[in-house]
Amino acid sequence: MSVEMSGYQCKKPGTGSSTWPALIAYYLASVLRFVALAVAARALLRAASRFVPVLSDLGRDLGLGGVAAEATDASSDLIFAALLHVFASCLSLATDGVSNGTNGNGLQVESYGAQALKIAPPVPSPREEQPSGPPCDTNVNDEDDADRQSARSCGFACGGQRRSSDVEEFAPRLQKLISECRRVRDEGARFRIFDDCTVEQMSPGGARMELTEIRCSHFRRLRECSGVSEDKYYESVCAKPFSGGTVEVSGKSGSIFLRSHDNHLVLKTIEEHEFEVLKQILPHMLLYLEHHRSSLLCRFLGAYALTIGNTTLRFVVMANCLPRKADQIYDLKGTTEDRYVDPASGGVLKDLNFSPYTMQFGPEMCADIVQALCDDADFLESVGTMDYSLLVGVTAKGAAPADEWHLSTVRRGWLVSEKGQKVEVDFQLGVIDFLQRWTPKKVAAHWLKKATIGCFQEIDTEPPAVYCQRFSKFFFKKILAIDGASARLHR
């Protein structure tokens, strides 16, 4: 199947003749990484054999003559391995169009399930200049064409760049479907297994739209233990148009972000594997949050799957971790790999940006926050997830909004620099992005990084147990009592 992109034609990797050079470079990069790993292992064995005679004998048995070579030989091997890895990384960057699903024009094809789902590209007016590039492939079957026409009639299409106006046009239809789900549930209709509720609606363009609300009873209990009533939830989601109808970039893939009119809730698209992880851990998370009301985990209050033709969009409704406007926002993991952002970019800052600072609170509040973070990390380890982070919003001290929800995670404290400068601020805290499993892909990335950049940086791809310990240890150092002492846990 071909994917339409703003007047261009983008085929699946490997189906067109123009992708062969990229595929060759991609596989060559993979081979070079494995060679670099082998050379690095050989260098470490040589260096270690100087101190452990058994390793020297092992090296000779493996045919690595001169294992007990000088340390300079081991150093040269490590340098050679590093150069191989750098060259492989350059090849990978050149082949991002193959591995990440981008076409030659840098447009990304995200996969939300079996197919890519995007906002329809703008239709050029007669005065607008047509984009240059290869013409569209007209060899498209009727079924694919019908799917795209259906998606366009709902404000979506497979391919193209997202526009805020398209999101705003689609949002009211989505709100009507969510309201219809509630009406069907309240009428006592029979649900599918796990009490999923599905409603259908025809768009003005004649496209069939199907919305499934996932795990209705579980999320109802989650809303209840979060202090959010059903009326308050649906009033926030459906009563008025979304105030933040914008498209933002999250991590390595773009996501649609919609904010409720009162800024209490955020609607965000997620990938299929994250959606499945959420369904798997949902019963455990419900029990955990019912007994840990002070948890800093970002609250998922609803999950939906929208199907238009053969395309599916999955999204979650979350409590907004940053209900107030923040002066600085930090995303903290406790790692150093690719954890610096140029402050001039105006983006979310990371660990290396936060390294000169600590957060200080009163002794009791400090202990409560650190205890909550350690409990949350232990829970996420128990369900096998990793790669999560603490989102920290720093806001000038001020009065709390009158309509602030009960689940707000705002804490009054002090931001202290390494030079001793102390500023009283409001911190907004929330643990986010905890739907990543320790998959074979993560395992491969772990071993490739550990033997290369892991020699001088803290890598982010660690097993859940290691990730949990490092995450907790990092915040023992960064969250302190007002006297500079570390928190005392209750356990």
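**View 1. Helix 7 (residues 216–225) and helix 9 (residues 272–291) cross at roughly 30°, their axes within 10 Å.** The model is predicted: local features need pLDDT of at least 70, side-chain atom pairs count only at pLDDT 80 or more, and totals for chains, interfaces and linings use all residues. Residues are numbered from 1 along each chain as its sequence is written, and side-chain values use heavy atoms, without hydrogens and water. Helices (H or I, at least four residues) and strands (E, at least two) are DSSP runs, numbered from the N terminus. Axes are lines fitted to C-alpha atoms, for helices over the stretch in contact, and angles run from 0 to 180 degrees between N-to-C directions. In helix 7, His218, Phe219, Arg221, Leu222 and Cys225 make the contact (heavy atoms within 4.5 Å) with helix 9. Among their partners in helix 9 are Leu278, Leu282, Pro283 and Glu290.

**View 2. Strand 9 (residues 265–269) is mostly covered.** Five of its five residues are buried (under 20% relative accessible area; exposed is over 50%, partly exposed in between; 1.4 Å probe, protein chains only). Leu265, Leu267 and Thr269 lie on one side, Val266 and Lys268 on the other. Strand 9 pairs with strand 11 in the antiparallel sense, over five bridges; pairing takes at least two DSSP bridges. Val266 stands opposite Met318 in strand 11.

**View 3. Arg324 sits in the loop between strand 11 (311–319) and strand 12 (328–332).** Its relative accessible area is 12%, so Arg324 is buried.
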